[in-house]
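Colleague: Let us go through this model together. I will ask, you answer.

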Amino acid sequence: MAEAIILRTTGGPEVLRLEDVDVGVPALGEVRLRQTAIGVNFHDCYVRSGLYQTLSLPGIPGLEAAGIIEAVGPGVEAFHPGDRVAYFTNSYGGYASERLVSAQHLVGVPSCVGDNIAAAVLVKGLTAHMLLHRVHAIGPEDTILVHAAAGGVGQILCQWARHIGATVIGTVGSDIKADLAKKAGCDEVILYRDEDFVQRVEEITKGRGVDVAYDSVGRDTFNGSLDCLADLGHLVNFGQSSGPIEPFRISNLSRGSYSVTRPMLFHYSSDRESLDAMANALFTSLTEGVLKITTPMTYRLDDAAAAHRALEARETTGSVVLTV
């Protein structure tokens with residue numbers, strides 16, 4: 001029998017409980033997927049806590065996973081039983097041993113990319129591609145600031161930006177994470193617990209500021225990120241691990257004609273052509289060695305609560321996956 005984490009009420013990690021589920025047969029445009037590795041993201045923690053009320057309860061959290069197709073429904077021609085695939089979807093359902101999923105969300109996984117890596121990197125890698133190529137296309141002339149540079153998205157973002165030729169400044173919370181950020185390509189690393197990151201950015205850039213600040217931390221760093229921008233700079237907020245951002249005066253942007261955006265990956269990959277192009281760029285960068293992914297931290301599906309605790313305590317480096 002298939003199993004899944006059923007979220008019946010929001011709260012702490014203890015509300016994540018494993019139950020038996022009946023998966024059924026794939027309908028029009030669907031496949032039945034036997035999942036082998038499931039990506040864990042901060043978004044999942046927000047859903048579980050109730051900060052994001054985007055999953056109808058009871059429901060199964062989880063946005064991404066990798067596995068093997070067991071059966072295809074009518075109308076599915078691009079995929080076949082036995083294919084190795086990965087997916088992400090805003091309809092949730094990822095924390096499960098088996099599931100039905102629309103074929104429109106699937107991408108094929110190259111043979112040289114393992115299931116754990118595929119599950120760990122898909123959302124994070126596509127997010128990094130979106131941030132660097134679609135939200136604001138950076139070039140060798142740009143200097144960027146990356147908060148949480150040792151995190152799952154942060155390490156990919158820094159590696160890719162460095163490959164493009166940009167100057168990368170990262171912020172981290174410990175010496176261990178500083179080493180990871182340097183290995184990921186940061187030219188400068190700021191220990192935000194020991195240093196004022198705004199002051200350090202000013203020193204590093206000789207008062208100019210950064211062209212783009214990538215901020216997934218939210219409340220604790222948002223205003224400081226604005227202060228780090230050069231004239232005509234861009235603040236890209238794509239997460240809120242420290243909490244939601246408090247309201248601010250839009251007139252604050254006039255100090256340097258700044259722009260602020262809150263991109264969502266689902267909007268940038270909503271059509272097949274865009275999804276395939278972004279996934280191909282990601283997997284090509286992996287296979288060519290442009291991106292080197294740290295072996296993910298793994299937890300069993302029935303230990304999803306421990307994975308959430310570690311993520312929220314910022315005890316993780318790189319990515320976290322659940323294995324089945």
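**A residue and its setting**

Colleague: Is Leu 157 buried or exposed?
Modeller: This is a predicted model. Buried means under 20% relative accessible area. Leu 157 has a relative accessibility of 0%, so Leu 157 counts as buried.

Colleague: Which helix holds Leu 157?
Modeller: The protein has 9 helices and 15 strands. The helix spanning residues 152-164 includes Leu 157. That is helix H3.

Colleague: Which residues does Leu 157 touch, leaving out those up to four places away in sequence?
Modeller: A contact needs heavy atoms within 4.5 Å. With those sequence neighbours left out, the residues touched by Leu 157 are Ala 128, Leu 131, Leu 132, Val 146 and Tyr 214.

Colleague: What separates the C-alpha atoms of Leu 157 and Ala 184?
Modeller: Along the chain, Leu 157 and Ala 184 are 27 residues apart. Their C-alpha atoms are separated by 8.6 Å.

**The whole chain**

Colleague: Of contacts between residues at least 6 apart in sequence, what share joins residues at least 24 apart?
Modeller: Burial first: 55% of the 324 residues count as buried. Among the contacts you ask about, the share is 68%.

Colleague: How far apart are the centres of the positive and negative side chains?
Modeller: There are 26 positive and 38 negative side chains. The centres of the two sets lie apart by 2 Å.

Definitions and conventions: Residues are numbered from 1 along each chain as its sequence is written. This is a predicted model: local features need pLDDT of at least 70, side-chain atom pairs count only at pLDDT 80 or more; totals for chains, interfaces and linings use all residues. Side-chain values use heavy atoms; hydrogens and water are left out. Helices (H or I, at least four residues) and strands (E, at least two) are DSSP runs, numbered from the N terminus. Buried means under 20% relative accessible area, exposed over 50%, partly exposed in between (1.4 Å probe, protein chains only). Lys and Arg count as positive and Asp and Glu as negative; His and the chain ends are not counted. The place of a charge is taken as NZ of Lys, CZ of Arg, CG of Asp or CD of Glu.
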